[in-house]
Amino acid sequence: MAQATRKKSVAKTADAAVSARIAAQSHFRTLRLGTPFQPRLDALAKTQDWYNWAGYHAPHSLWDEELEYFAIRSQAALFDISPMTKYRIEGPDAEAFLDRVTLRDVTKLRPGRVHYTAWCDDEGFVLDDGTLFRLSPTRFRLCSQERHLPWLLDSAIGFDVIVEEETEAVAGLALQGPTSFAVLRDAGFAGVEKLRVFDLAYFPHDDTSVTISRTGFTGDLGYELFVPADRALSLWDRLMAAGELRGIRAIGYTALNRARLEAGLIVANADFTTAEHAIRADRLRRPDEIGLGFMIDPRKAHFNGRRAILEARAKRRLRHVLVGLEIEGNIPAEHAIVYHRKHQEVGLVSAAMWSPMAKRNIAIASLARPYGDTVVEDLWVEIYAMRELQYQKLMKRATVVARPFIKLDRRTATPPADF
Amino acid sequence: MTSFDAIVIGGGHNGLVAAATLAKAGRKVLVLEAGSEVGGAARTEEFASGFRVSSIAHLLNRLHPDVVKTLELETHGLQFARADFLPSVALAMDGPALMLHGAYGEVLTGASSSEQSAWKDLRAQLLRYAGILKPFLSRRPPDLAGMSLMETAGLGQTALALKKLGKEDMRDFLRVLLMNVADLLDEQLEDIRLKGLLAFDATLGSHLGPRSPTSLLGLYYRLAGETGGAAGAQVLPQGGMGAVVAAIRAAAEKAGVAIRTSVAVARITVEKGHAVGVALDSGEELRARTVVSAINPATTFLDLVGPREIDTGFVRKMKSIRMKGDAAKLHLALDRPPQFTGADAAAQKGRLVIAPSPDHVERAFNPCKYGEFSPEPVLEITLPSLADPSLAPDGACVLSAVVQYAPYALKEGWVAGKPKFLEAIMAQLEAYAPGIGKSVVHAELLTPADIEMRYRMPGGHWHHGELQADQMLISRPVSGWSGYDTPLEGLFLAGAGSHPGGGVSGAPGLNAARRIIAMKG
């Protein structure tokens, strides 16, 4: 009997251990995580049009794609950027570490400033692009599309620096549009008018502080706000209350994606394939091939990919170029093939739209050099327009034009106007 | 201050070969050696009063003929005749030893006649196959990105050699290439003493047992070496390994190489992706157009260059080179020559191997996988003072042995483990040479941890990186950078960590120098 009892208790302990293990593995039961703003998004999600952003529940649209877009351009749009991958990089060597990992000169990035940058592997192929926030002389936040912790940790060998993912701990909001400044001011963020483009500062919020930077992905007047995840909802409510009379609206990605295209901004794994995702060898891209050549500074200290990038330049091994196109007509040329003289395939459109702001039919395309580089005449795109179950093939002339496609004075005016 | 075209870091034999070759091509070369004398792990050192021994490497079996020729080493006193070839002796605890005479067993004695003929066939086959691999194991690895005409022609020659084998033989070559040595031996031989010896030779210096996949490659590596024009031949250099290095040093100095000893390099100076010189521990800065590192590749990049000047992917690769040694070195000062059971006078002067069967070698390897030393280790023993009395006082004797397996990262730590391991070794020796224990005047055991400290070999690994299929040829020291040049312009690798690997061959040093000359560095 005693034996039997003991056996039972052993079995019980084993059961407890197994259920504890199962409980710890329950992550797979939630296929897409909610962000800290999920209760607010759920309440507004009339279209229930969700997609997967880096493992998070994110809205394509909440109520109306078209009107959400116009909220960016004529009111204030609130977009949840919490799923964006965020890394805290801190320590005496944080600056040197980031200067080695990323392309642009981090020694020139002052505390309280943000810059757009990218990083490459040894062969100079782009791993990702993102924004780097210098929160203090020794503390940074790196935001990106993809996850990079193993790469960043291996890059930290030999540096006195801590690299830690803070995607879950930090909630983020983009507040974009002409009235965004007025919303922040009315919400009581005193001094926010002093922020110039790419400045950041800390503001008190709900016993903690919110980091507000004058940055965004729309080419418009706008801000990004980062706050500890447990203060996310109070920040949302504060902005919504203050913005009620300024037309504040929550939006989804479709609207943002249009705004970013007008601003001429590229998206990793949409306009180019990141090096760790590319399976085919010819899909890899060096910065010069996706319009990021301006980031390369051969005079700064060593950075990942330097040797390969400079060698590719010297040996003229750059095979592609990313360009802005203006296409005749008004039919968006999404994923259209680009031709030279209407017959030779020279590239592909990765994003396209009729721009309500520019009143032009615009696109971003990757072309095989020399097309788009030295040969820019006689380029065409072939648009397949579906018209009642029949494709109408349109061969439209495309002209290489400068990006951004729109330039708004309100984006840079400091202090911003009170719309 | 004198200025130099090239600075060679590390005065091991490869560093000296690289320096001499560069100097002969007209470069002004300076060699910097951190130790008090050159030679690295190929020195003759006094380990007890009146007793001298070859420090780590004690047998010469792969000094590359091109090195001998380029450096004219014969004029510097390095000459070997057939009479110098050393037999290999498979010791047995009871009964006569089995002996491989001449160049790796041209004649086998102590075995049955059927075993002798089986060995004759196997030896011919092994040498034939090693011959195919030989060019790969000596030349610069093929550059997959941009192969030159010469390289393509070289590969073509190998293809031709393969074809010349005939269809059956070529198939068999490919079949056995990555096999484990134990299975191959079981296919062809009967005598476990002979199989034990070959299993030992195949796994010597690597983290492999005879039944580990690819362990046969180690035997090919050995047989790709030659001495006096005979593949697989081995000699004990008069005066110890230090004499070989002395000849290389003499050749280097005659060619105008300047050598500074007791000079430790603190870092390699890098400016805009170019190595432009070195800074010494003393603070002194030296500049040169070319910097040649003949020390460990990981030490070169992680310590001397530093991760800041190289790319993350390259750091990753350098950090993941496996180089934890499993071989210890034992030096015994004996008051009289030992008598190994079943070994006659000729055998006593040979290479005495305690590896009674492949199973024994495999069992010796097993604990080392889990951070423990072999309780019954396998040994390669030489008694160099028998042929060269200058190494020991009158009537006394020097014993030099390579002992496996002694894992670098011993779980209990070498401070506690070393006396226990020495005891295990002595027990093994006592079993094969009764009475040897009483004749010991002084014993020096160098564990991989000691070897690391004393000879600046990370992991105490004499190949400066495991010599296994995944770390050979185009993957040595790391994939993408196997051709002696490095991601830093003007910096080259020339040590055993580079292709083809370790052993006193001079091949990495020679190949590196040739590469530098070809690149006009």
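Tutor: Happy to! Let's begin with a term: helices (H or I, at least four residues) and strands (E, at least two) are DSSP runs, numbered from the N terminus. Residues are numbered from 1 along each chain as its sequence is written, while chains are lettered from A and ligands numbered from 1 in the order in which they are written. This is a predicted model, in which local features need pLDDT of at least 70 and side-chain atom pairs count only at pLDDT 80 or more, though totals for chains, interfaces and linings use all residues.

Student: Okay. Where does Pro404(A) sit?

Tutor: Look in the loop between strand 19 (391-401) and helix 10 (409-412) of chain A. Pro404(A) is joined to Arg403(A) by a cis peptide bond, with omega about -5 degrees.

Student: And which residues does the cis bond at Pro415(A) join?

Tutor: That cis bond links Thr414(A) to Pro415(A), and omega is about -5 degrees. You'll find Pro415(A) in the segment after helix 10 of chain A.

Student: What about phi? What is the value for Phe198(A)?

Tutor: Phi is near 75 degrees there, which is positive even though Phe198(A) is not glycine. For background, most residues other than glycine have a negative phi, and most peptide bonds are trans. Phe198(A) belongs to the loop between helix 6 (180-186) and strand 10 (200-205) of chain A.

Student: Why does Phe198(A) count as partly exposed?

Tutor: Because it has 17 C-beta neighbours inside 10 Å. The cut-offs: a residue is buried if 20 or more other C-beta atoms lie within 10 Å of its own, exposed if 12 or fewer, and partly exposed in between, with C-beta atoms placed from the backbone.

Student: And Asp378(A), where is that?

Tutor: Asp378(A) is in the loop between strand 17 and strand 18 (379-386) of chain A. Asp378(A) is not a glycine, yet its phi is positive, about 60 degrees. Asp378(A) is also partly exposed, since 13 other C-beta atoms lie within 10 Å.

Student: Let's do sheets. In what order do the five strands of the open sheet in chain A come?

Tutor: The order is 5-6-7-4-8, with antiparallel pairing (two strands pair if DSSP finds at least two bridges between them). Strand 5 (113-120) and strand 8 (162-165) of chain A are at the edges with a single partner strand each, so one side of each has no neighbour in the sheet.

Student: How many bridges are there between strand 5 and strand 6 of chain A?

Tutor: Eight, and strand 6 covers residues 126-136 of chain A. Within strand 6 of chain A, Asp128(A) is the residue opposite Trp119(A).

Student: Now the hairpins. How many residues lie between strand 15 and strand 16 of chain A?

Tutor: Three, and Arg341(A) in that hairpin takes a positive phi near 55 degrees. Strand 15 (residues 337-340) and strand 16 (residues 344-355) of chain A run antiparallel and are joined by four bridges. Tyr339(A) has Glu345(A) in strand 16 of chain A as its bridge partner.

Student: How many residues separate strand 16 of chain A from strand 17 of chain A in their hairpin?

Tutor: That hairpin has four residues between the strands, and Lys359(A) in its turn has a positive phi of about 55 degrees. Strand 17 (residues 360-368) of chain A is antiparallel to strand 16 of chain A, with eight bridges joining them. Met353(A) faces Ile362(A) in strand 17 of chain A.

Student: Switching to chain B: which loop holds Arg139(B)?

Tutor: The loop between helix 3 (113-133) and helix 4 (149-164) of chain B. Arg139(B) is partly exposed because 18 other C-beta atoms lie within 10 Å. Although Arg139(B) and Leu510(B) are 371 residues apart in sequence, their C-alpha atoms are 9.4 Å apart.

Student: What does Arg139(B) contact?

Tutor: Leaving aside neighbours within four places in sequence, Gly154(B) and Asn511(B). Two residues are in contact if their C-beta atoms, placed from the backbone, lie within 7 Å.

Student: Last topic: what are the domains of chain B?

Tutor: Domain 1 (4-42 + 240-321 + 460-518) and domain 2 (121-231); such bounds come from an automatic or database domain assignment. The C-alpha centres of domain 1 and domain 2 of chain B are 27 Å apart. Their contact takes 19 residues from domain 1 and 18 residues from domain 2 of chain B.
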